[in-house]
Amino acid sequence: MERRDGGGGGGGEDGRHASRNGSCERSPKKAKLLPVPPEPISGPELRSEFSHHQRGVARINNGSFGSCPGSVLAAHRDWLLRFLRQPDDFYFNSLRGGILRSRSLIGDLINADDVGEVSLVDNATTAAAIVLQQVGRGFAESRFAPGDAVLMFHCVFQAVKKSIQAYVASAGGSIVEVELPFPVSSDEEVIAAFRRGLERGKRNGRRVRLAIIDHITSMPSVLIPVKELVKICREEGVDQVFVDAAHAIGSVEVDVKEIGADFYVSNLHKWFFCPPSVAFLYCRKSSGLVSDMHHPVVTHEYGNGLPVESAWIGTRDYSSQLVVPAVFEFVKRFEGGIRGIIKRNHEQVVKMGRMLAESWGTNLGSPPEMCASMIMVGLPSRLCVFSGEDALRLRSYLRVNHGIEVPIHYQAPADGVDGPRDKDGSITGYARISHQVYNTEDDYFKFRDAINQLVENNLTCKMLLIE
């Protein structure tokens with residue numbers, strides 16, 4: 001077991017010293033100086049931290065690529081220069097200890113039992129490959145029967161779908177997709193849909209070998225009742241549970257023991273202020289699967305455990321993995337630390353979502369309790385968002401002509417189900433808005449006014465010109 005603090009034992013740690021006759025005596029207690037809390041970040045300091053953002057752009061899409069403050073970027077540069085100045089010394093004397101320190105901090109934050117359960121990888125896509133290649137080997141080695149299933153939501157990230165095809169379907173596994181209800185009004189709707197998917201996965205004597213559960217789906221964005229779904233998987237005999245929580249850390253509080261999944265991944269560069277790209281992958285030791293987990297890039301560290309394999313995948317820039325302590329210092333400058341940031345981002349994105357829906361006469365895609373720092377807002381039906389191509393055209397138009405960065409989602413009407421409507425027709429287009437510490441209300445007012453202008457000018461998506 002690795003120590004969380006990276007330190008070793010030694011005499012004198014308990015405040016005692018040995019006397020000449022071998023007995024132990026209490027050392028005189030010294031007054032301890034309490035750490036001085038950092039000064040709360042001011043408005044000008046906050047703006048300075050993100051002054052590298054392009055001016056004039058309403059960035060209400062933190063969910064796609066995240067954001068990194070200037071102080072963390074400075075730490076990133078310092079780490080890179082330490083490597084470039086003397087690579088050999090850096091490799092032998094700094095790299096492993098620095099990565100262990102980052103893993104330890106993340107392990108404490110997510111309530112992992114042991115730092116050995118936490119690996120740092122490039123992103124959630126890499127983590128999915130690690131989990132899925134292990135499942136694929138189960139089929140290739142005939143430990144799993146042909147046709148046994150991997151279960152996932154239909155809106156799982158496309159890279160994960162491709163990984164399932166590459167590692168599992170090609171080895172004889174089947175794929176069961178659960179249709180995520182959207183717009184959605186309650187956790188119970190999601191739970192019921194998931195149960196129906198499990199029933200399909202177990203038909204004809206099949207077993208569900210892996211369930212992939214999003215903590216927060218990407219598009220459409222919905223906060224999933226992940227603890228409840230993991231519990232259902234255990235009750236229904238699902239072999240392994242992998243929570244793809246790409247958007248979670250820094251957006252919701254994460255307790256991996258409480259969630260109870262075998263594997264849990266979250267990007268640190270989306271909502272936790274790290275530079276791109278870095279994610280943590282938690283592998284529960286008690287699952288008995290840890291020894292079968294390997295990084296897809298094989299180096300001389302193969303077989304030394306996933307955390308060690310992931311800490312060296314060849315010569316590259318590891319700075320993003322090393323700046324985690326600097327991120328912890330950054331979030332301390334906010335009232336309530338990361339928990340305070342999570343709370344305020346949620347409150348603000350709900351407030352701005354309601355403001356937009358009221359202005360456009362539309363709806364929210366989910367109740368506030370089913371969103372984190374992103375929320376789906378219905379777009380006026382007169383924009384005629386009738387396809388994914390329409391959604392992409394509107395997104396590009398807003399970026400090029402209005403300096404607004406926001407993802408647009410096309411939601412096809414469900415067969416035989418009357419979806420939400422505004423005064424002019426069915427709502428089939430949604431904007432996914434984000435809120436991060438650098439956002440101001442003016443960002444959302446700018447978006448509101450741009451959409452209202454399109455409606456007033458009777459412009460539909462197909463009429464928009466993109467330069």
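Predicted model: local features only at pLDDT ≥ 70, side-chain atom pairs only at ≥ 80, totals over all residues.
**Close-up views of a buried valine and of aromatic pairs**

View 1. Apart from residues within four places of it in sequence, V168 is in contact with L132, V135, G136, F139, V150, S163 and G173. V168 belongs to the loop that runs between α6 (158–167) and β6 (174–178), and because its relative accessibility is 0%, V168 counts as buried. The C-alpha atom of V168 is separated by 45 Å from that of E441, a residue 273 places away along the chain.

**View 2. The tilted ring pair of F153 and F194.** The count of aromatic pairs comes to 15, and one of them is formed by F153 and F194, whose ring centres are 6.0 Å apart with 45° between the planes. Since F153 lies in strand β5 (residues 149–153) and F194 in helix α7 (residues 187–201), the pair ties together parts that are 41 residues apart in sequence. F153 counts as buried because its relative accessibility is 0%, and F194 counts as buried at 1%.

**View 3. The stacked rings of W312 and Y318.** The ring centres of W312 and Y318 are 5.4 Å apart and their planes meet at 20°, so this pair is classed as stacked; both residues are buried. Over the ring of Y318 sits the charged end of R316, 5.0 Å from the ring centre.

**View 4. An aromatic cluster, F50, F273, F330, F334 and Y438.** These five residues, F50, F273, F330, F334 and Y438, are linked into a cluster by ring pairs.

**View 5. R143 over the face of F144.** R143 lies over the face of the F144 ring, at 5.6 Å from the ring centre.

How values were computed. Residues numbered from 1 in each chain as written. Heavy atoms only, no water. Helix = DSSP H or I, 4+ residues; strand = E, 2+ residues; numbered from the N terminus. Buried < 20%, exposed > 50% of the residue type's maximum accessible area, 1.4 Å probe, protein only. Contact = heavy atoms within 4.5 Å. Phe/Tyr/Trp six-rings, centres within 6.5 Å; stacked < 30°, edge-to-face > 60°. Lys NZ or Arg CZ within 6 Å of the ring centre and 35° of its normal.
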